[in-house]
Structure formats: structure tokens, C-alpha cells
Amino acid sequence: MKKDFLSYTATDFARDADFLKWVKYPSENPAITAFWESWLKENPSKREQVEDARQLIFAILEYNYRPSDETQAEIWSKIRTTLHIDNQPVEVKETERKTRTLFWVKIAAAASFLVVATFGTTYFLAGRNTELPMALEAKPVFIKEENRGTSPRTVVLKDGTSIILQPQSFIQVPKDFIGDQREVYLTGEAFFEVKRDPTRPFLVHTNEIVTRVLGTSFNVKGFENENVTVRVKTGKVSVFKAKDKEKATGDDDAVVEGVVLSPNQQVVYDRVKMSLSKSLIEDPVMLGTKPRYHFEFKDEPVINVFKEIEEAYGVHIVYDAEVLANCKLNASISDVPLYDKLRLICIAINAQYELLDSQIVVYGKGCDKPD
């Protein structure tokens with residue numbers, strides 16, 4: 001639905017996602033910036049509401065933000081009108097100037113001043129709080145969790161997410177999660193078991209990479225002078241460059257310049273080439289312990305064997321079903337790792353395998369048809 005910006009109040013502008021992007025990151029969103037600059041030229045009568053909305057956003061997002069004396073004087077006039085206080089002389093005494101400054105900082109931090117002064121909405125004084133637009137909630141306060149020891153350290157967040165922090169690693173986490181995303185900042189290595197919350201994705205920032213999940217378990221390794229590696233144990237994970245973060249805030253996993261990982265898959269970000277490389281992990285493990293994963297085969301068509309391996313490990317095996325149609329396997333391979341299983345199977349059917357990205361490719365000449 002097309003937005004009717006001409007009917008917008010300052011509050012409406014401040015709630016608008018694209019308007020907020022323009023105010024916060026004008027250089028990072030050139031298309032949005034061009035739109036708003038053009039729109040203001042065409043609609044100069046709305047400039048006052050737009051400026052009031054900008055003042056609100058700056059005050060809420062920047063605790064130490066303080067407008068000019070002229071702007072403060074205008075806002076004080078609005079406050080007096082709202083609270084039915086007689087206007088004072090234009091001359092500003094030093095005591096009043098100090099009072100203004102202190103009042104501005106306190107109220108801007110609590111995000112109530114401009115709601116009262118500029119918009120005349122519900123407000124609080126003397127500790128009475130007001131509800132803010134979701135997009136303009138205050139920035140979270142981050143705390144730093146470190147592991148300077150030699151053994152892993154477990155950190156449990158308020159949302160129930162568990163983090164195993166490896167030695168010489170640290171992570172910055174919010175004291176309280178605010179808004180519609182859960183974001184943390186990692187330097188080093190950690191294993192995450194994220195508490196599932198479909199309404200609030202969990203994002204791990206590591207150097208230039210962001211890992212996004214809803215609820216799963218995975219490992220991230222990204223020390224300051226190393227490439228970043230993300231390995232998935234359970235669930236599904238999206239990994240993308242930090243500059244594409246705005247494109248990955250929805251539910252769509254098809255992230256520009258990113259990859260989607262499943263169990264037993266990993267991605268390595270080359271910080272020099274600035275590229276993502278997807279592959280299987282070094283030692284894939286079975287995803288379940290179902291009784292049928294016995295891997296004891298007697299005259300079993302190798303195609304069926306591959307299907308069982310795919311299900312057990314969550315991998316994808318590429319092969320020519322027609323070429324391998326006559327190949328059967330007689331082997332016991334239950335107690336060997338995945339790659340050893342594949343090697344033994346290929347020896348038995350006179351084939352070879354190789355890893356291509358996150359897939360296993362098997363190729364050979366096939367087997368003779370039994371007499």
C-alpha cells in the first residue's frame with residue numbers, strides 16, 4: 001500500500017522504517033536518501049514535521065545529543081504551551097541554560113522529552129513512563145563476557161541461549177535484548193545453542209561476517225587476524241557479510257552474497273578475498289541414532305546405501321544412477337567415519353569420490369551385470 005506522507009505527523013515519520021534508515025545511515029542508503037531529499041523539495045510545507053521527527057530520533061538514539069540553543073528555545077516554548085506555563089522573557093539566564101541542558105540530557109535519555117514537547121502524545125514526568133515506537137527503542141547496554149583462562153567457559157543469556165566461550169575469546173552481549181532482533185558481537189571462538197524465537201532472530205557479528213539463526217546450534221570461529229569459520233551442528237544458519245545485514249532482517253534465507261548452512265556444513269570467509277566458501281566439515285557426524293543406521297550391508301544396491309548415508313548425515317551425494325545401477329555392496333561400515341565409509345564403498349565398486357562445495361560427488365565406470 002502506497003504511503004500518504006502528506007498526511008504524516010512528526011510521530012508518523014519517526015515510526016517509518018525508511019525514514020529511520022535515512023536519518024541514521026544516509027550514506028549507506030543512497031536510494032532512500034535521494035527519495036527523501038526529492039520529496040522534501042516537492043513538499044516544503046512538511047519540512048517542520050520532518051525536522052521534528054529527526055530531532056526525536058537523534059535524541060533517542062544518542063544519549064549525549066544536545067541540540068542548538070535556538071532549537072532548545074523552540075522546544076521549551078512547546079513544553080510551556082503543553083504544560084500551560086506562561087512564557088518567560090526571551091533573554092535566557094545562565095541558571096535556566098544549565099537547567100535546560102540537564103533537563104534535555106535526562107529526558108532525551110529516557111526518550112520522553114520530545115514525545116511531550118514535539119508530539120503532545122502521552123508522556124511521563126516524575127518517573128511516569130511512555131511507550132515508544134518499536135523502531136526507536138533505546139540502544140541496548142552491552143556487557144563484555146571474557147574467557148582469559150585455558151578451559152571453555154559457559155555463558156547463559158537471559159533469553160535462554162547458551163554460549164560456550166573458548167579460551168582467549170570474548171563476546172559482547174546486551175544486558176537485555178531490545179527490539180525485534182537478538183544481536184551479539186564475538187571475537188574468538190564460541191559454540192552457540194540458541195533458544196528458538198521465530199519472532200526475534202539471533203545474530204552473531206564476527207569481524208565482517210554476520211551469522212543469523214532463529215534457534216539452532218553452531219560454532220563460530222573468528223579471531224582478529226584470522227578468517228571466519230561457521231560450522232553447523234543442528235538446524236539452519238544464514239551467513240552473510242555485515243554490509244548486507246539490512247537485506248537479511250526478514251525471514252527469507254536467500255541472502256545476497258550469503259549462504260545457507262545445514263548440519264555438517266561450514267562456511268569460511270576469506271578476509272583478504274572477501275569471499276564465502278561453503279563445504280562439508282572435516283568430520284561429519286550422524287544426525288540421529290535411529291536403529292536402521294546400522295550400516296551392515298549384504299548384496300545391497302549401492303544406490304540404497306547412498307540414500308541411507310544421505311539421511312543419516314544430512315549430506316547430498318551426486319552420482320549417475322544408471323551407471324551404478326548394477327553395483328551392490330557387501331560390507332560392515334558401521335564404526336567408521338563418513339569419509340572412510342565413502343572410501344570403502346568406492347573401493348568395492350571401483351569408483352572414486354570427491355568433495356565439491358558441500359556435496360559429495362561419486363563417479364566410476366559402473367559394475368558388470370550379474371550372470
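This is a conversation about how to read several features of a predicted model.

Biologist: Now a helix pair. At what angle do helix 2 and helix 3 pack?

Modeller: To read a pair, take the angle together with the distance between the axes. Helix 2 (residues 17–24) and helix 3 (residues 30–42) pack at about 100°, and their axes are 9 Å apart. Angles of 65 to 115 degrees count as roughly perpendicular, and helix 2 and helix 3 are therefore put in that class, roughly perpendicular to each other.

Biologist: Which residues meet there?

Modeller: From helix 2 you have Asp18, Phe19, Lys21 and Trp22, and they meet Ile32, Thr33, Trp36 and Leu40 of helix 3. Take lysine 21 in helix 2: lysine 21 is partly exposed, at a relative accessible area of 25%. Its C-alpha atom is separated by 7.8 Å from that of isoleucine 32, eleven residues apart along the chain.

Biologist: Next, helix 8. How does its reach look beside the expected span?

Modeller: The idea is to set the first-to-last C-alpha distance beside the expected value. Helix 8 (residues 302–313) has twelve residues and reaches 16 Å, close to the 16 Å expected at 1.5 Å a residue.

Biologist: Is helix 8 mostly covered or mostly open?

Modeller: Mostly covered, with nine of its twelve residues buried.

Biologist: Which residues other than glycine have a positive phi?

Modeller: Two to look at here. Methionine 274 is not a glycine, yet has a positive phi of about 55°. Phenylalanine 295 also has a positive phi, near 55°.

Biologist: Are methionine 274 and phenylalanine 295 buried or exposed?

Modeller: Methionine 274 counts as exposed at 52% relative accessibility, because the cut-off for exposed is over 50%. Methionine 274 is in the loop between strand 12 (265–270) and strand 13 (275–280). Phenylalanine 295 is in the loop between strand 13 and strand 14, and is buried, with a relative accessible area of 0%.

Biologist: Which side chain reaches the backbone oxygen of methionine 274?

Modeller: That of lysine 241, at 2.8 Å. Lysine 241 is in strand 10 (residues 237–241). At 12% relative accessibility, lysine 241 counts as buried, because buried means under 20%.

Biologist: How many disulfides does the structure hold?

Modeller: One. For a disulfide, look at the sulfur distance, then the torsion, then what gets joined. Cysteine 327 and cysteine 367 have their sulfur atoms 2.0 Å apart. The torsion about their S-S bond is about 100°, so the disulfide is right-handed. Cysteine 327 sits in the loop between strand 15 and strand 16, and cysteine 367 in the segment after strand 18, so the pair ties together parts that are 40 residues apart in sequence.

Biologist: Where do the cysteines stand on accessibility, buried or partly exposed?

Modeller: Cysteine 327 counts as buried at 0% relative accessibility, whereas cysteine 367 is partly exposed, with a relative accessible area of 21%. Cysteine 346 is buried, at 5%.

Biologist: One last residue. Where is phenylalanine 223?

Modeller: In the loop between strand 8 (217–222) and strand 9 (228–234). Phenylalanine 223 is partly exposed, with a relative accessible area of 21%. Leaving aside neighbours within four places in sequence, phenylalanine 223 is in contact with Pro167, Gln168, Ser169, Gly188, Glu189, Asn207 and Arg271. The C-alpha atoms of phenylalanine 223 and phenylalanine 170 are separated by 9.8 Å, and these residues are 53 apart along the chain.

Note on methods
Residues numbered from 1 in each chain as written. Predicted model: local features only at pLDDT ≥ 70, side-chain atom pairs only at ≥ 80, totals over all residues. Heavy atoms only, no water. Helix = DSSP H or I, 4+ residues; strand = E, 2+ residues; numbered from the N terminus. Buried < 20%, exposed > 50% of the residue type's maximum accessible area, 1.4 Å probe, protein only. Polar contact = N/O pair within 3.5 Å; in protein donor to acceptor, adjacent residues only side chain to side chain. Expected span 1.5 Å × (residues − 1). Contact = heavy atoms within 4.5 Å. Disulfide = S-S within 2.5 Å. Axes fitted to C-alpha atoms, helices over the stretch in contact; angles between N-to-C directions. Parallel < 35°, antiparallel > 145°, perpendicular 65-115°, else oblique.
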